[in-house]
Amino acid sequence: MALLERKDMGDMSSNNNSSTGTEVPQNMTIYINNLNEKIKIDKLKESLHAVFSQFGKILEILAFKTLKHKGQAWVVFEDVQSASNAMRQMQSFPFYDKPMRIQYAKTKSDIVAKADGTFVPREKRRRHEEKGKKKKDQHDANQVGAGLTPAYGGAYGTTPPLSQIPYPGGVKSMVPEAPAPPNNILFIQNLPNETTPMMLQMLFQQYPGFKEVRMVEAKPGIAFVEYGDEMQSTVAMHGLQGFKILQQNSMLITYAKK
DNA sequence: AGCACA
C-alpha cells in the first residue's frame with residue numbers, strides 16, 4: 001500500500017537557499033510575490049489553489065488588494081514538506097504571464113498557530129513589543145506539522161477548469177490546468193524549447209512501465225509520456241515533478257486529459 | 001517593492 005514514499009528530489013538542486021542573501025527559515029506557509037496585480041483577489045486565490053494543491057493539503061490562501069499587499073499571497077500548507085516542494089518546483093513559474101517569486105513566509109500563519117495552540121490575538125501581542133532590544137527567545141518551533149484541523153473548506157472545494165482564464169487585461173492567462181484524473185499518460189508543460197524527445201526519454205524511461213514520449217512539432221514546450229498503467233505514470237510524475245532541464249524551466253507534470 | 005491573518 002505504500003506506493004510512493006519518496007517526495008524529495010534532493011539530487012539536482014538540493015540547496016537553493018543562497019540567492020540574494022534572502023534566507024528565511026522553513027515555514028509551512030509560502031510567500032509569493034510578483035503576482036499579476038490585475039487579477040482579482042478571488043480569481044487569484046482560486047488559481048493559486050488550482051496550481052498549488054498538487055503539493056499537499058492547503059489550509060488557507062491569503063491575498064489582499066491593499067496598496068501594501070498587492071501582488072502578493074500566502075499559501076498555507078499542512079506541512080513544511082509540501083511548502084518546500086511547492087516553492088522549489090513552482091519557483092519562477094509563469095502565472096498570469098508573470099514568473100512567481102516564492103519564499104517561505106517570515107512568520108507563522110495564524111491558522112497554524114491556532115492549530116498548535118500558540119496563537120496570541122493581535123491586540124494582546126502589541127503589549128509585549130519592545131524596540132531596540134535584541135532577545136534570542138521566541139524563535140520557537142515554527143513547524144508543528146501534525147494534528148492540524150484542515151480548516152480549508154472554503155470556496156475552492158470544487159475547482160473549475162482553469163486553463164486560459166480571461167482577465168481584465170484581456171489577454172490569455174498562463175495558468176496550468178486543474179489536475180486531470182489519473183491517467184497512464186502524462187502531460188508535460190513548461191519545457192525549454194530546445195527539449196528533444198530523446199532528452200525526455202532519458203528522464204522518463206528510468207521509471208518502470210515507460211512506453212513512449214510524444215512531442216508535437218507545432219507546439220514547443222509540451223510533451224506526452226505514456227506508461228503501462230496509471231500507477232506507473234504516477235510514480236514517474238512524482239519522481240520528476242519540477243525537474244529542470246535548464247536552470248529556468250521547472251517542468252510541470254499533470255495527467256493528460258482522457 | 002511590498003510578509004498577512006477580510
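These notebook entries follow what I looked up in a predicted model of a protein with DNA strand B.

**Ground rules.** I number residues from 1 along each chain as its sequence is written, with chains lettered from A and ligands numbered from 1 in the order in which they are written. Since the model is predicted, local features need pLDDT of at least 70 and side-chain atom pairs count only at pLDDT 80 or more, while totals for chains, interfaces and linings use all residues, and side-chain values use heavy atoms, with hydrogens and water left out.

**Entry 1, the DNA.** I found 22 residues around DNA strand B, and the closest are F64, K70, T107, S109 and D110. By class I noted 7 nonpolar, 8 polar and 7 charged residues on this surface, where Ala, Val, Leu, Ile, Met, Phe, Trp, Tyr, Cys and Pro count as nonpolar, Asp, Glu, Lys and Arg as charged, and the others, Gly among them, as polar. Of the DNA atoms within 4 Å of the protein, 28% belong to sugar or phosphate and the rest to bases.

I then looked up distances to base nitrogens of DNA strand B, and for S109 I read 2.8 Å from an N or O atom of its side chain. For K106 I read 3.0 Å from a polar backbone atom, and for Y104 I read 3.2 Å from a backbone N or O atom.

I took strands as DSSP runs of E with at least two residues, numbered from the N terminus, and counted two strands as paired if DSSP finds at least two bridges between them. Strand β9 (residues 223-227) has 4 of its 5 residues buried, where buried means under 20% relative accessible area with a 1.4 Å probe, protein chains only. I found β9 paired antiparallel with β7 (residues 185-189) over 4 bridges, and likewise antiparallel with β8 (residues 210-214) over 4 bridges. In β9, E226 is the bridge partner of I185, and E212 also stands opposite E226.

**Entry 4, strand β10.** I noted that 4 bridges join β7 to β10 in the antiparallel sense, with I188 opposite I253. From β10 (residues 252-255), L252 and T254 point one way and I253 and Y255 the other, and all are buried. I reminded myself that in a regular strand the side chains alternate between the two faces of the sheet.

Definitions and conventions. Near = heavy atom within 4 Å. Polar contact = N/O pair within 3.5 Å; in protein donor to acceptor, adjacent residues only side chain to side chain. Buried < 20%, exposed > 50% of the residue type's maximum accessible area, 1.4 Å probe, protein only.
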